[in-house]
Amino acid sequence: MLTSICGINWGDEGKGRMVDLLSRDYDIVCRYQGGNNAGHTVINERGKFVLNLLPSGILRENVVNVLGLGMVIDIRHLTEEANRLRAQGIKITPENLKISDRATITMPYHVLLDCLEEDRLAGKKFGSTRRGIAPAYADRYMKKAFRMGELLDPDRMYEKAKDIAEWKNLTVAGGYRHAAVTAEEIVEYLKTYGEPLKDYICDVGQYLNEAHAAGKKIMFEAQLGALRDVDFGILPYTSSSSTIAAYAPIGAGVPNLRLDKSIGIMKAYSSCVGEGPFTAEYFGEKAVKLRELGGEYGAATGRPRRVGPFDAVASRYGIRCQAADEIALTKLDILSGYEEIEICTAYELDGKVIREFPYPDALDRCKPVFEKVKGWNCDISSCRKPSDLPKEALGYIALLEELCACNIVYVSVGAERDAFVKMK
Ligand code: GDP
């Protein structure tokens, strides 16, 4: 059984929270793309955890976690994140964490280049999280990145590090006029943070294939949503990797296996971190109210998130990109404080009403078309079955299903593990 859990929107839909819940039925949770540029916040009976690189399954004792080849891994960040979780009582050993030997390593010079370029762009910046993700992926495609497997053979590192330093300094020192990168510091870094990870690095494709053949259930966990996908998202304000469900088996290291199910995580309203077009955006008091109600501040960066009502145009597109068979609708409880709830049902582009998500460049010219529905205006956080939900909340869920032609199976009404309603 192979299931992917993906974001339908701009990220921060609550994927970590849903993986934490749904992973009870799985043996393996696997990250397949991205790096430490995003964060999942998970609250369960063991405490509150922020995960940047580790799959959310790490919080379950009997789940094996995999970092797939589609990821870019900052080995210093991984070491610190694992130690932070260990200090919170979480077990992390080579038995429950396996790292792909083919995954790319995010180096300090990638972080440096990310920052130098964002600073150069200044007012035109892409809104990078400055964690070196785009430069690391760029080097991967230039075939000049270090991969995790190279940490197993430190004797070969120096020769490559010399070549990489020479090449990097054409931009770091030559272009940006920053202090040069040295081969010695590259090797020192790789040895310092690589040595303790050696026992975790393996051919995860082989591991996953064997596990699959043995009947184990595997879940793929995405970081970021469809609209941040490097191909299907709002380029250039996207991540640098494929956040799409169809990429999950490849990014995990098992291109021979097919997904059985795609579960899309969709938020009951919209939020977006950083720059880029965000058509249904609220401003002023409306934005402050929703941001505060939803606690919309980035888990990785603490940045206040931009917010708006549910966007049916973007969400329908996200559902299509993720081929979502089932939807988990999150944060419905946040809308409890509204007498009336707005929904963006269409965009107006150059005087025409459109319902299909346009080519990203046209988004700057799109205006939201809002419609209002009656809210429920009462606390729903203790609802646990459909009949507990007020009829207006049920109506809101049904309307989203209709607008997006989707199948909402789970509704989350709180951040805690058991705060959800199974609808079907
Ligand atoms: P992710 O990156 O998609 O996992 O999302 P984030 O962790 O960045 O953001 C989701 C935030 O909402 C986290 O702080 C969760 O604890 C919280 N959360 C998730 N689902 C719900 C929900 O249904 N209700 C409430 N109130 N909070 C939720």
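Me: Is the crossing in which α3 passes α4 left-handed or right-handed?
Reply: This is a predicted model, in which local features need pLDDT of at least 70, side-chain atom pairs count only at pLDDT 80 or more, and totals for chains, interfaces and linings use all residues. Residues are numbered from 1 along each chain as its sequence is written, and side-chain values use heavy atoms, with hydrogens and water left out. Helices (H or I, at least four residues) and strands (E, at least two) are DSSP runs numbered from the N terminus, while a crossing is left-handed if the near helix is turned anticlockwise from the far one by less than a right angle and right-handed if clockwise. By that rule, the crossing of α3 past α4 is right-handed.

Me: Are α3 and α4 parallel or oblique to each other?
Reply: Axes are lines fitted to C-alpha atoms, for helices over the stretch in contact, and angles run from 0 to 180 degrees between N-to-C directions. Angles under 35 degrees count as roughly parallel, over 145 as roughly antiparallel, 65 to 115 as roughly perpendicular and the rest as oblique. The axes of α3 and α4 (residues 133-142) are 7 Å apart, and the packing angle is about 120°. The two helices, α3 and α4, are therefore oblique.

Me: How many charged residues are in the contact of α3 with α4?
Reply: On α3 the contact (heavy atoms within 4.5 Å) is made by Tyr109, His110, Leu113 and Asp114, and on α4 by Ile133, Pro135, Ala136 and Asp139. Ala, Val, Leu, Ile, Met, Phe, Trp, Tyr, Cys and Pro count as nonpolar, Asp, Glu, Lys and Arg as charged, and the others, Gly among them, as polar. By class, five residues are nonpolar, one is polar, and the charged ones number two.

Me: Which residues of α5 make the contact with α3?
Reply: Helix α3 (residues 108-121) packs on α5 (residues 157-175) at about 10°, with the axes 11 Å apart. The two, α3 and α5, are therefore roughly parallel. Tyr109, Leu112 and Leu113 contribute from α3, and the residues from α5 are Ile164, Lys168, Thr171 and Val172.

Me: How many nonpolar residues are in the contact of α5 with α6?
Reply: The axes of α5 and α6 (residues 183-194) come within 8 Å and cross at roughly 130°, which makes α5 oblique to α6. From α5 the contact takes Met157, Tyr158, Ala161, Lys162, Ile164 and Ala165, and from α6 Ala183, Glu184, Ile186, Val187, Leu190 and Lys191. Three of these residues are charged and none polar, and the nonpolar residues number nine.

Me: Which residues of domain 1 lose the most area to domain 2?
Reply: An automatic or database domain assignment sets the bounds, giving domain 1 (2-100 + 203-263), domain 2 (104-196) and domain 3 (265-422). Buried area is the accessible area (1.4 Å probe) that two parts lose on being put together, summed over both. Domain 1 and domain 2 bury about 1800 Å² between them, 59% of it on carbon and sulfur atoms. Together accounting for 35% of what the domain 1 side buries, the residues that lose the most are Val72, Ile75 and Arg76.

Me: What is omega for the cis peptide bond between leucine 235 and proline 236?
Reply: Proline 236 is found in the loop between β10 (218-225) and α8 (248-252). The cis peptide bond joins proline 236 to leucine 235, with omega about 5°.
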